[in-house]
Amino acid sequence: MPVEVTWWGHATCTIEDSGVRVLTDPLFVRRFAHLRRRRGALPGPEATVADVVLVSHLHSDHLHLPSLARLAPGTRLIVPVGAVRSVPGLRTLRRVRGLRITEVAAGDEVRVGELLVRAVPAQHDGRRLPVGPHRSPALGYVVEGEARTYFAGDTGLFDGMAEAVGPVDVALLPVGGWGPYLDRTHLDAGRAAQALARLVPRSAVPVHYGTYWPIGMDGVRPHEFHSPGDEFVRKAALLAPDVAVHRLNHGEHVRPEAAR
């Protein structure tokens, strides 16, 4: 069966490959902190079903403890090295929910059924904010089974990106954020298209845009909420014309090879 990707919103995706369900950066709430979900229905219970969950870094919109608490007892969780020390709530989930937590650094590999999960570098501040020393790196992951699927997490462009990630068939790339301004440790639509030109996968799915937005800021640079997906499609066509880009709506899925 070809790999299937479902985008639930923000950086939350399900990757199904070789009979294994992989969930990325689960975020299953309508509102948290100063953010609210402005587009897409909340993911249903099927979104929480996973054999393994990948957490890219410790920011609360990527490592969200209440969402992790919805996972089935015993679910395997792969997190950046130092995460358990930096986020005490992970110890509670391990004790109360029985989550099996594995910490990894860039270059580490973890076998999950028929899949090999490889941690790769990301250019991003991986700390648990707003306070705390820089104890954990931000990571991306390459999920290798019948296909090689790259989940970038949050990252900027960096030298050696293609070499660090390696050859991939599908790239899940962030193309925006949850606020009106992005620094260079994020990918906007233009920088994501540049990353695509470096990585040259067969297919790509834009993520991390058009889901959450700060309360009371609907009128501040609204194009940064509404347009990154379409802008990425346009710019990818110019910079990486041989890559098939699949812009999904919330809750939609695609089998990238079948859709080419």
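Select strands β3 and β6 (residues 52-54): the two run parallel and are joined by three bridges. Strands here are DSSP runs of E of at least two residues, helices are runs of H or I of at least four, and both are numbered from the N terminus; two strands pair if DSSP finds at least two bridges between them. Within this pair, L23 stands opposite V53 in β6.

This is a predicted model, in which local features need pLDDT of at least 70 and side-chain atom pairs count only at pLDDT 80 or more, while totals for chains, interfaces and linings use all residues. Residues are numbered from 1 along each chain as its sequence is written, and side-chain values use heavy atoms, with hydrogens and water left out.

E16 stands opposite R21 in β3. Two residues lie between the strands of this hairpin, where S18 takes a positive phi near 55°.

Now show the side chains of β3 (residues 20-24). Five of its five residues are buried (under 20% relative accessible area; exposed is over 50%, partly exposed in between; 1.4 Å probe, protein chains only), so the strand is largely enclosed by the rest of the structure. V20, V22 and T24 cover one side, R21 and L23 the other.

Move to helix α7 (residues 228-239). P228, G229, F232 and A236 are buried there.
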